[in-house]
Amino acid sequence: MRLSSLFASPLTCLFISAYVFPPSANAQDRTTEQGEAQISDPNVECTPYQYPPVINAENNFPSSWTVATIISGDSEAQAKYQDIESLIPDIPPKGTQPDSLVGDWGDFTYDPSDPDCWWTFAKCTTPKIPGIPDDIADLPEASPDTFGYGFDDGPNCSHNAFYDYLLSQDQKATMFYIGSNVMDWPLEAQRGLADGHEICVHTWSHRYMTSLTNYEAFAELWYTMQMIKLVVGVTPTCWRPPFGDVDDRIRAIADALGLTTIMWQYDSNDWRVGSGNVSEADIDANYMDLITAAENGTFSTSGTIMLTHELNNFTMSEAAKFYDQLASAFSYLVPVGVALNVTTPYVEDGYTLPSFAEYISGTHTGSVTGSADGSSYGSGTGGSASSGNSTIASKSGTTKVSLSHVGSFASVILIAGIWLVL
């Protein structure tokens, strides 16, 4: 998607507050995840705020929305890069920056035999270089008719109504978070874990990864992992390349950092609405193609994954609009990690996802021992704080959505697009 679509503004991140949500009569709590999750006015949600752990550590990270590179004096990042450097294949970056950063490959020529397993060129998901794990693009290990449910580009500043909707359905998903968004909207990022979703990496600045140097590609992943650790309290073990742009060089860097590459089979193209000739009806048709395929038995032997986004009002409204039909067409809607039986999704001990069998039996949240709100990580050096055992979902401050709030979100769906600016 275009990078301009990712920058929060009073228009791109609103859930049509003028039509749906009345102004709040009381001052809002912008200091805790629980307080932030209760805000129902998107104007307030998308008003920037300061979160001390991020402010205190901001010099240890790249500026938001800039191509990441290793920060001068960051001995930990330098040591990690030197540790994995010998594992990186000798494959040059593709194209010429700055055009290649946004997928403009210019006069770049590439061997049609696809020696690098470049997804952008040939949709290749099985690396050509031995030892690099295959991408996850479908779900052969899950039960038939399983849908790996997830969303890219979060955390969106105005996602409370959408996350409330998911809570009302007791539905968990895999959230692929952009490091810059986590830096800009840390309490929103904390809600992802608090609500029981699986958190994965979606790079620091959402550029085409194969256009980057080794240092830059490493830094895009490394600092996103570190920012999620600082804010949310966990270090992810999964990632998705923006635009699907990955080759064996980038896969090797990700694998060396302990990240599994998650791709997709179906593309909703929801982020394209408003660009070119792509209409809302086109996205509806893409959803229906997947639903029809499921109803026709296409996934009777293996589950599947579709690319969808937490990007803006339209993409989140579209997800809610088709939720019931997806739930009817598929036997199971589960986070990707659950479908793969990844019960320990983070580097840190004490955080679990339910197994696939547990999830489909009704246990939709894992457990957490320690702090999942990032409050112990203001120094950016990591650590663990013990606060006892609890379910992840209980940290959001609510496990159900009021009927009035669900009704408000339904109203958003009916008038989706009024404030949509891509």
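Is Cys117 buried or exposed, and what is its relative accessible area? In this predicted model, Cys117 is buried, with a relative accessible area of 0%.

**View 1. The disulfide of Cys117 and Cys124.** Cys117 is joined to Cys124 by a disulfide, with an S to S distance of 2.0 Å. The link of Cys117 and Cys124 is left-handed, with -100° about the S-S bond. Cys124 is buried, its relative accessible area being 10%. A disulfide is a covalent bond between the sulfur atoms of two cysteines.

**View 2. The disulfide of Cys46 and Cys157.** The sulfur atoms of Cys46 and Cys157 lie 2.0 Å apart and form a disulfide. This pair links distant parts of the chain, 111 residues apart: Cys46 is in the loop between helix 3 (42-45) and helix 4 (52-57), and Cys157 is in the loop between strand 3 (150-154) and helix 7 (160-168). The link of Cys46 and Cys157 is right-handed, with 85° about the S-S bond. Cys46 counts as buried at 11% relative accessibility, and Cys157 is buried with a relative accessible area of 2%.

**View 3. The disulfide of Cys200 and Cys238.** Cys200 and Cys238 are joined by a disulfide, S to S 1.9 Å. Because Cys200 lies in strand 5 and Cys238 in strand 6, the pair ties together parts that are 38 residues apart in sequence. The torsion about the S-S bond of Cys200 and Cys238 is about -85°, so the disulfide is left-handed.

View 4. A pair of aromatic rings is described by the distance of the centres and the angle of the planes. The model contains 28 aromatic pairs. One of them, Tyr208 with Phe243, is stacked, at 4.0 Å centre to centre and 5° between the planes. Both Tyr208 and Phe243 are buried. Phe243 also pairs with Trp271, edge-to-face, at 6.4 Å centre to centre and 75° between the planes. Phe243 is in the loop between strand 6 and helix 11, and Trp271 is in the loop between strand 8 and helix 12, 28 residues apart.

**View 5. Helix 12 and its surroundings.** The 16 residues of helix 12 (residues 280-295) should span 22 Å at 1.5 Å a residue, and the end C-alpha atoms are 23 Å apart, which agrees. Buried residues of helix 12 include Ile283, Tyr287 and Leu290. The buried residues of helix 12 pack against several elements, among them strand 9 (303-307) and helix 13 (313-321). Gly297, with a positive phi near 90°, follows helix 12.

Conventions. Residues are numbered from 1 along each chain as its sequence is written. This is a predicted model: local features need pLDDT of at least 70, side-chain atom pairs count only at pLDDT 80 or more; totals for chains, interfaces and linings use all residues. Side-chain values use heavy atoms; hydrogens and water are left out. Helices (H or I, at least four residues) and strands (E, at least two) are DSSP runs, numbered from the N terminus. The expected span of a helix is 1.5 Å times one less than its number of residues. Buried means under 20% relative accessible area, exposed over 50%, partly exposed in between (1.4 Å probe, protein chains only). Contact means heavy atoms within 4.5 Å. Rings of Phe, Tyr and Trp (its six-membered ring) pair if their centres lie within 6.5 Å; planes under 30 degrees apart count as stacked, over 60 as edge-to-face and the rest as tilted. A disulfide is a pair of cysteine sulfur atoms within 2.5 Å.
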